[in-house]
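Open the model in your viewer and keep the selection panel at hand. The tour moves from element to element.

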Amino acid sequence: MIYFFYGPDDFRLKEKLDSMIREYKARHQGGLDLAIFDFEETDFEKFRIFFESYSMFSEKKLGVVRNLFVASADKREKFLDFLKKSGLAKDKESFLALAENLKPMEEKKRTTKYVFSDEISKDIFSFLTAKPSLAEEFEILQGIKLENWIKKRVEKEGAKINDRAIKKLVEFAGADLWRLKGEIEKLASFRSGELILEKDVDELVDSRVETDIFKTVDALASRQRAIAFRLLRRHLAKGESELYLLSMLAYQFRNLLVVKDQTERGEPFYALQKKLKMHPFVLKKTFDQSKNFSFGALKKIYERLEDIDQAIKTGRLEGQAALDLLVAEIAG
């Protein structure tokens with residue numbers, strides 16, 4: 001079977017794929033027939049051998065593919081040819097899962113819904129979204145769907161929130177689920193299970209990235225570890241959690257990735273405000289900071305932030321130690 005999750009909502013895409021991997025591990029304790037392939041780095045033959053080789057174990061196979069649409073054309077061609085010939089889409093014993101963050105076409109130029117680099121990627125997308133593959137689209141949440149997501153997320157944190165507080169949270173943080181996740185965790189922790197009110201959002205949620213977060217990123221970029229440590233500890237002294245700080249850093253590094261991607265594509269600064277819909281203050285600071293990082297470095301930092309977030313939540317790392325490790329790795 002093939003499971004294809006796609007769209008511009010990278011937060012829910014990651015959650016969906018992570019959930020599928022957790023469910024597989026829970027059902028198959030050995031985990032010996034689980035493999036993750038990053039197609040930017042993994043040799044295609046390893047992927048092919050994984051699915052074609054006989055397993056001495058009774059577990060069903062689960063292969064997870066990442067970064068398919070940014071892989072080389074040769075690798076993508078081999079991948080599509082393999083899918084067509086292997087019959088994997090109808091195989092009940094082997095499962096392939098993909099989660100691809102896709103960029104929507106601009107409305108004025110819209111011929112297809114998403115941007116693809118070439119015809120090979122279009123063909124892969126057509127194959128993966130056709131039956132018998134199981135495809136699910138994750139669009140950016142808006143309106144009532146976004147408000148319902150916030151309500152459910154708050155309940156997941158063991159709290160409740162009223163409608164006015166939800167609308168104020170959307171006003172401050174927009175549809176950025178990564179940012180909202182951190183803000184909800186902070187609000188739920190502050191209220192300790194009680195109803196979150198509009199005044200709580202006014203008091204605890206900043207409508208823009210806090211100045212100290214920009215200073216922290218500046219310190220990381222210039223390899224000033226002592227300053228970065230001091231700034232993060234200042235946040236902790238205010239009572240903010242390590243997970244909240246990680247969400248704020250992830251929010252800003254995600255902004256940096258988006259801006260860096262656009263500038264490397266030749267998009268002028270004056271056009272970014274309308275296209276990205278960032279607060280002018282956030283955009284200017286992010287644009288300036290993006291000059292201090294390569295796109296590859298930003299991507300690795302962002303992925304590392306996700307890894308550390310999971311390590312804290314699963315108890316593999318203590319919060320303070322995780323933040324110290326992150327600073328040492330980036331500013332080392």
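Which strands does helix α4 lie across? Select residues 119–128: α4 lies across β1 (2–7), β4 and β5, and runs at about 120 degrees to β1. Angles, from 0 to 180 degrees, are taken between N-to-C directions of axes fitted to C-alpha atoms, for helices over the stretch in contact. Helices (H or I, at least four residues) and strands (E, at least two) are DSSP runs, numbered from the N terminus.

This is a predicted model, where local features need pLDDT of at least 70 and side-chain atom pairs pLDDT 80 or more, while totals for chains, interfaces and linings use all residues. Residues are numbered from 1 along each chain as its sequence is written, and side-chain values use heavy atoms, without hydrogens or water.

**The sheet**

Now show the strands. Five of them form an open, parallel sheet, ordered β2-β3-β4-β1-β5. Twist averages 15 degrees from one strand to the next. Zoom in on β3 (61–66) and β4 (94–101): five bridges join these parallel strands. Pairing takes at least two DSSP bridges. Pick V65; opposite, in β4, stands L98.

**Helix α7**

Select 177–191. These 15 residues of α7 reach 20 Å from first C-alpha to last, close to the 21 Å expected at 1.5 Å a residue. The expected span is 1.5 Å times one less than the number of residues. Of the 15 residues, 13 are buried (under 20% relative accessible area, 1.4 Å probe, protein chains only). At the helix start, a side-chain oxygen of D176 comes within 3.0 Å of the backbone nitrogen of W178. Just past the helix, S192 has a positive phi of about 50 degrees.

**The cores**

A nonpolar core joins buried Ala, Val, Leu, Ile, Met, Phe, Trp, Tyr and Cys residues through side-chain atoms within 4.5 Å. The largest has 51 residues; W149, I150, L169, L180, F253, F293 and L305 touch the most other members. α11 contributes the most, nine residues. Centre on L305: leaving aside residues up to four places away in sequence, this residue touches L246, L249, A250, F253 and L326 (contact: heavy atoms within 4.5 Å). Another core, of 29 residues, lies apart; F39, F79, L83 and I124 are among them.

**Helix α14**

Last stop. The 19 residues of α14 should span 27 Å at 1.5 Å a residue, and the end C-alpha atoms are 28 Å apart, which agrees. Its buried residues include L298, Y302 and D309. Their cover includes α1 (10–27), α7, α11 and α15. Finish at G315, after α14, with a positive phi near 85 degrees.

Definitions and conventions:
Buried means under 20% relative accessible area, exposed over 50%, partly exposed in between (1.4 Å probe, protein chains only). A polar contact is a pair of N or O atoms within 3.5 Å; within protein, one must be able to donate a hydrogen and the other to accept it, and residues adjacent in sequence count only if both atoms are side-chain atoms.
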